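Please look over the sequence and the structure before reading on.

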Amino acid sequence: MKILLATSEMTPLAKTGGLADVSGALPRALAALGHEVAVVMPFYGTIDRDSWPFELVLPEVLVDLPAGKRAVEVWRTPVPSAKADNPVNIYLLADAGLFERPHLYGPSGGDYPDNALRYGYFCLGALWALKGLGWIPDVIIANDWQTALMPIDIKLHPAVSADPQLSRIPTLFVIHNISYQGLFPDYLMEHLALPRSAFNPGLLEYYGNINLLKGGILTSQWVSTVSPTYAREIERPEYGLGLDGVIQSCADRLGGILNGIDIDDWNPATDPALPANYSAENLTGKDICKQKLQQRFGLPAEPRIPVIGMVTRLVDQKGIDLVAESLPGLLRGKIQVVILGSGQPYYHEFFRNLARRSPNKLGVKLGFDEKLARLIEAGSDIFLMPSRFEPCGLNQLYSLRYGTVPIVRKTGGLADSIVNVNASTMAGGTATGFSFTHYQSSFMCAELRRALRMYRTNPQAWRRLMLGGMAQEFSWQHAAKEYEKLLQKIVSTNR
Ligand code: ADP
Ligand code: GLC
């Protein structure tokens with residue numbers, strides 16, 4: 001199959017979260033299965049143009065919207081796949097006015113006011129670029145609201161929906177997070193050249209606004225989320241966040257595939273970001289990582305004090321309110337906590353102040369730092385993810401691979417990937433971490449206490465738990481085969 005993945009971020013070129021990791025790894029895993037795979041993304045100003053061999057392939061693609069006519073450039077760079085003869089081509093759409101900005105989506109986790117148009121031009125430009133390149137995919141995988149206008153345009157844009165080639169391309173729409181819906185004022189229907197008639201509750205309209213995520217769901221052939229549990233959760237109001245009814249209405253074409261991880265990139269035995277490498281056979285390097293981590297955060301480098309790590313967007317989704325509520329009390333115990341994150345200013349302020357008051361127990365770094373994220377994965381004993389909801393979550397999977405025991409709330413992908421410690425899972429060797437169900441800090445703290453007790457009183461059991469996690473298989477190989485099966489079904493039923 002010829003497969004195009006459309007995305008707003010992709011590692012290592014541009015990343016704010018897990019979507020980038022998925023966009024970086026899934027195409028290569030599909031290419032390794034023998035498919036011809038390409039990715040299309042914006043050419044952001046933050047991408048280092050000297051870091052990759054970028055080649056200008058289309059100097060001018062005209063994107064004519066009522067909001068104005070723009071000429072975008074299309075650049076290409078190949079990414080090697082596991083199969084050397086089958087590289088993944090990355091196409092990047094360049095438009096200085098739209099994408100040469102300091103952030104991907106907006107300052108401090110917010111939105112640029114013209115985001116609907118930025119991604120409107122991107123999606124339409126990407127479709128016209130396919131014509132210009134003479135490369136018409138058998139199927140498009142669109143991800144989240146930023147690329148929802150691809151399936152929407154295919155169905156509704158007057159010129160695209162009349163184009164004999166483009167209008168026939170079926171789409172798989174992947175929801176990575178239903179809480180970001182791409183809500184915009186209704187006058188943008190005209191600016192994006194979408195027919196007024198599509199502004200109705202059965203398509204794009206949502207309480208007087210345009211809802212791009214909803215439009216992506218309703219105009220795609222199939223919808224997928226990034227874990228089976230999240231696919232079921234979003235049918236309910238507490239997780240569907242206003243779109244539960246829409247999700248229920250497409251239950252017969254909705255599924256969930258748990259993300260994999262790139263096991264070559266995230267490998268403690270080779271990770272160049274670590275001060276020492278290690279593996280399940282020899283864990284000495286992990287002790288060195290812990291020591292360096294403690295030093296990096298100015299904490300006493302004591303090997304027997306458990307270090308609890310967090311790498312996260314500091315937003316309500318991630319259960320940060322539970323952490324904020326319980327941390328002052330937890331820090332009275334013999335533990336150390338390290339937090340790397342960025343997000344809501346309130347949390348920045350809160351953690352900065354708390355770290356000032358507990359300099360020997362809490363280390364906080366506010367910002368985005370890929371190298372430090374890896375040191376935290378490697379150097380911590382416990383990784384905390386008490387998410388209110390978590391479509392998939394990648395950090396718990398990275399933690400398992402780095403021998404760091406996750407404590408998670410049992411939701412979404414966390415429920416699908418972590419097996420809670422109890423007598424029978426320990427005896428059967430299937431336990432990989434600790435999990436709690438009720439979204440309350442007392443339940444989170446109870447799991448933390450359980451974990452700390454095992455860490456302190458039963459080092460053999462703790463080691464078994466670590467090694468059990470390291471032996472888990474969450475590579476993309478398995479998930480890519482599920483995507484392949486689904487894409488084949490979408491393509492064959494489209495004929
Ligand atoms: P989400 O996409 O919801 O933020 P995921 O767990 O799927 O959550 O993926 C988050 C990704 O972003 C992981 O690769 C994680 O290491 C990375 N990440 C999150 N915050 C930071 C940060 N402050 N610095 C570096 N990496 C971060
Ligand atoms: C979103 C979700 C996260 C998921 C990631 C990649 O950012 O919040 O749970 O792992 O997408 O699919």
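## Ligand sites and the domain interface

An oxygen atom of ligand 1 is placed 3.0 Å from an N or O atom in the side chain of Asp21. This position, like every other described here, belongs to a predicted model. Around ligand 1 there are 21 residues, of which Lys15, Gly18, Arg313, Lys318 and Gly367 come nearest. For Lys318, a polar side-chain atom lies 2.8 Å from an oxygen atom of ligand 1, whereas for Leu394 a polar backbone atom is found 2.9 Å from an oxygen atom of this ligand.

Ligand 2 has 14 residues around it, and those that come nearest are His176, Asn259, Glu390, Cys392 and Gly393.

| Ligand | Residue | Part of the residue | Distance |
|---|---|---|---|
| ligand 1 | Asp21 | side chain | 3.0 Å |
| ligand 1 | Lys318 | side chain | 2.8 Å |
| ligand 1 | Leu394 | backbone | 2.9 Å |

The protein itself is divided into domain 1, which comprises 2-260 + 477-494, and domain 2, which covers 284-473. The C-alpha centres of these two domains lie 33 Å apart, and 20 residues of domain 1 are in contact with 19 residues of domain 2. Between them the domains bury about 1500 Å², with 55% of this area on carbon and sulfur atoms. On the side of domain 1, the residues that lose the most area to domain 2 are Lys15, Tyr239 and Leu258, which together account for 26% of what that side buries.

Lys15, already named among the residues nearest to ligand 1, also forms a salt bridge with Glu370, in which the closest N and O atoms are 3.9 Å apart. One salt bridge is found across the interface of domain 1 and domain 2, together with nine residue pairs in polar contact. Helix 1 (18-32) and helix 8 (228-233) each supply at least two residues of the side of domain 1 that touches domain 2, and helix 8 gives the most, with four residues.

Methods. Residues are numbered from 1 along each chain as its sequence is written. Chains are lettered from A and ligands numbered from 1 in the order in which they are written. This is a predicted model: local features need pLDDT of at least 70, side-chain atom pairs count only at pLDDT 80 or more; totals for chains, interfaces and linings use all residues. Side-chain values use heavy atoms; hydrogens and water are left out. Domain bounds come from an automatic or database domain assignment. Contact means heavy atoms within 4.5 Å. Buried area is the accessible area (1.4 Å probe) that two parts lose on being put together, summed over both. A salt bridge is a side-chain nitrogen of Lys or Arg within 4 Å of a carboxyl oxygen of Asp or Glu. A polar contact is a pair of N or O atoms within 3.5 Å; within protein, one must be able to donate a hydrogen and the other to accept it, and residues adjacent in sequence count only if both atoms are side-chain atoms. A residue is near a molecule or strand if one of its heavy atoms lies within 4 Å of it.
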